[in-house]
Amino acid sequence: MTEADRPSPEALLRAAAREGRGRLKIFLGAAPGVGKTWEMLTEGRQRRDAGADVIVGVAETHGRRDTEALLGGHEIIPRRQVDHRGHALDEMDLDAILERCPGLVLVDELAHSNAPGSRHPKRYQDVVELLDAGIDVYSTLNIQHVESLNDVVASFTRVRVRETVPDSILEQAEIEVVDIPPDELIERLRDGKVYIPHEATRALGHFFSKSNLTALRELALRRAAQAVDAQMLEHLRAHALAGSFAAGDRIMVAIGADAHAAGLVRAGKRLADALRAPWSAVHIETRRDRQFREEDRRRLAEALALASRLGASTASIPAVGVVEGLRDFARQERATQLVIGQIATGQILTGQILPGKSHRSHWRVRRRGSAVDRLLGSIGDVAIHVLPFAAEPVPRGRRERGPRRRWGPPSHYLWSLLMVAAVTAAGRVLVEVLDLGNIALLFLVPVMFAAATFGLRAGLFTGLAASLAYNFFFLPPTGTLTVSNPENVVSILVLLGVAFATSQFAARVHAQAELAGSSARQNAALAGFSRRLTAAATQEALLQAICAEVARLLDVKTVLLLPTPQGPELRAAFPPEDRLGQIEMAAAQWALDRGLPAGRGSATLTASDWLFHPLRTARGVLGVLGIARSDARDPLRSDRLPLLMSLLDQASIAFDRMALETEHSQAPRIAAPDGLNAALLSALDQDLRSPLSAIVAAARDMKRRPSADLAGFIEAEAARLDRLAAALIDLARLETGALPVQAEATDLFGAVADALHETRRSRQDSGVTIDIAPGMPPVRVDPVLLRHCLVILLDSAGGAAERELLIRCRRLPDAITLSIIGAAPHHATGSARVQGIVKAFARAMDLSVEAAGDDAAPGPGFTIRIPAALIGVPLDSKDLP
């Protein structure tokens, strides 16, 4: 089985990963109103009638009667209500669907953003969880919600859509385009079938113009075609099916180190744009690449960089020959069209495919055929575009060095002659001692060794020398080159033939071994690089590992910069680097902004000593990696560019993974301010309104009948309101970082006594029992924040406690617990609100709060837990950090 006949391991792994997951089908439309929901519900009904277990998770009918009629007969999962800022929002009940576990669920509006507090911020993330559970999903999407097309749509509609879906969702989905002509959609708008008449008239003048709808329709059809083409290629690779399957064009441009490579790249770009097709630029690495001069390597690197800037995927493939490499790459990429170059001399096309350094001799073209002819005979159903170019002038100095480069160094031939001489001497001895009849076989040894070690030409030279030595020393009459016996002529010819065939075979095996060794070394380097990045535990360690490994593998200096609001920030370097120059920082900023290489060796800001490459992922540019050489030469040779691209891809993936893990670990911190905001809003709505209402009511009574009791009540409620306002202000300042936590040694008995004294009026002199042992050690907390906690808990009891309050402090092996039993409000909402505010203050001091009483005195209340790390601080330690 050849490489082309074998299924792609990566495709098989991806197919295996999809086993057990649900299947996603997206009904894709160019704009609202094309009938995506109607089509989804219609196909869902057909599946249900065929016996499938189908439910409706969410369907937005927007009041359209024909669409609502399609819901009849479907099992509809009731939506859950989410309270957001006093408004009840309806969202899809993900847990109910998972518990129901249907065969197929219909989920409308894939790009919808869920209400705050939902498990996932986006509906497409809910869909991914359903797919992971093995449930098939039908969903709908408009083309303007696709992430990669967001800027394109905004450029002509002047409307930027905020709700987007990653392209990766489309790549794993079956796509059905729901399409109607723009004129028909405009007519539906005018008839009020999409929006109400007033909104429809406004929409027709803005987003739903005919030009916008036509462009959106083309985008939808093209994006669906790209997704289908990608899925088809994945299927072909997984099942090792031959053929290009030219349902969509795929362009391949063959480039080399010639001066015409840039012209080929531009021609390939024009062809790809005309066909609206993806394209790639490939360089085939052969043994001839080792003979490249620095200028050749520079031109090849520039051509590959130009192709990358123009939107091509680039590759450098090792192969025994150019034709073989192009053939294999075309089969792998399922290319449908190939762009190559020929060097024209007068009226004759020599068939020299780029890469190439000089046009080939007419004798070689006649003997082997032109490379174009050989490609036509082996590449299958790929259309070949041949671009003729004028022959590149060869410098005199280079022409003189050409023969030596082709034939190799003289030392190879000297060693070959020495081996022939050694075999001749050994043969003379063996003939005298053993009386051997056929000594010619001994001369195959130096021929095979020279061919395998020094190459084809050295092997042929050794074969000729061996034939002459055999004739001169062993064939009668010895001492002359005359052959008297015709049978000996046959022996010499056979020796030359065997030498030629052996040399050809050994040279080919040697070349293949060199290519395999080069590929194995590169794969080993990439595997080691990946292992070292995976072992990094922190972001700083990862950045330093990237710099160190790239510097080691490419023998360069490296720096890594990350974007900040103030500009690129140097975060890692190898060897250590403190700062970069102004030009280098400008090049790094340009690479961050544009996502393209900048600096020396690129087409932008070439005055920089460093070459900066972006670390790009689906989420954008995460940073830039800069490379430079200590000897002031160009940072990178062209033959090392593919290795650098592979290293950058792995580094980007590792860095993106680390960033996602960091974001995941920070999620509770991000959610904490939301909890504080909710606590603030709840307190403003309930705790502030309650005393204000009491004060207003008491003031009205005082107008009718002045009373000292009412005045005292107003004073008590106003004091309570003042305490709560102070606590909320400190809570807001704590959230923004304006209020630092100043921990100091605090006596718990004194803190409780102060809080009781401050809340004595609001508690209406209800009885309080304090159970705190005299030997209780002080704790290291912020006394102001602890006072807020105690005051809020005591105020929450008010005068409604059914029994006397109990404040108990207990010493445990690993903590101190301070419980206030009887301080909990009588309703759950009030208890959660109080607990939320107190928890916010306690969290800032590394304490915890539970809505539970003491084990020895059960009842409604709260318990503050102080960990052992904050216990036992001397009371006079005022200088603690």
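So, pLDDT is the predictor's confidence in each residue, from 0 to 100, and a contact means heavy atoms within 4.5 Å. What we have here is a predicted model, where local features need pLDDT of at least 70, side-chain atom pairs count only at pLDDT 80 or more, and totals for chains, interfaces and linings use all residues. Residues are numbered from 1 along each chain as its sequence is written, and side-chain values use heavy atoms, leaving out hydrogens and water.

Confidence, then. The chain averages a pLDDT of 75, with 72% of its residues at 70 or more. Helices (H or I, at least four residues) and strands (E, at least two) are DSSP runs, numbered from the N terminus. Strand 6, residues 104-107, has the highest confidence at 94, and strand 13, residues 348-349, the lowest, with a mean of 37. Over residues 344-361 pLDDT stays under 50, yet the model gives that stretch 68 contacts beyond four places in sequence. Residues 874-881 are also below 50, with 11 contacts beyond near neighbours in sequence.

Now a helix pair. Helix 18 (residues 444-454) and helix 19 (residues 456-474) have axes that come within 7 Å and cross at roughly 165 degrees; axes are lines fitted to C-alpha atoms, for helices over the stretch in contact, and angles run from 0 to 180 degrees between N-to-C directions. So helix 18 is roughly antiparallel to helix 19, a label for angles over 145. Who touches whom? Helix 18 brings residues including Pro446, Val447 and Phe454, and helix 19 has Ala458, Thr462 and Ala466 among those they meet.

Technical notes
Angles under 35 degrees count as roughly parallel, over 145 as roughly antiparallel, 65 to 115 as roughly perpendicular and the rest as oblique.
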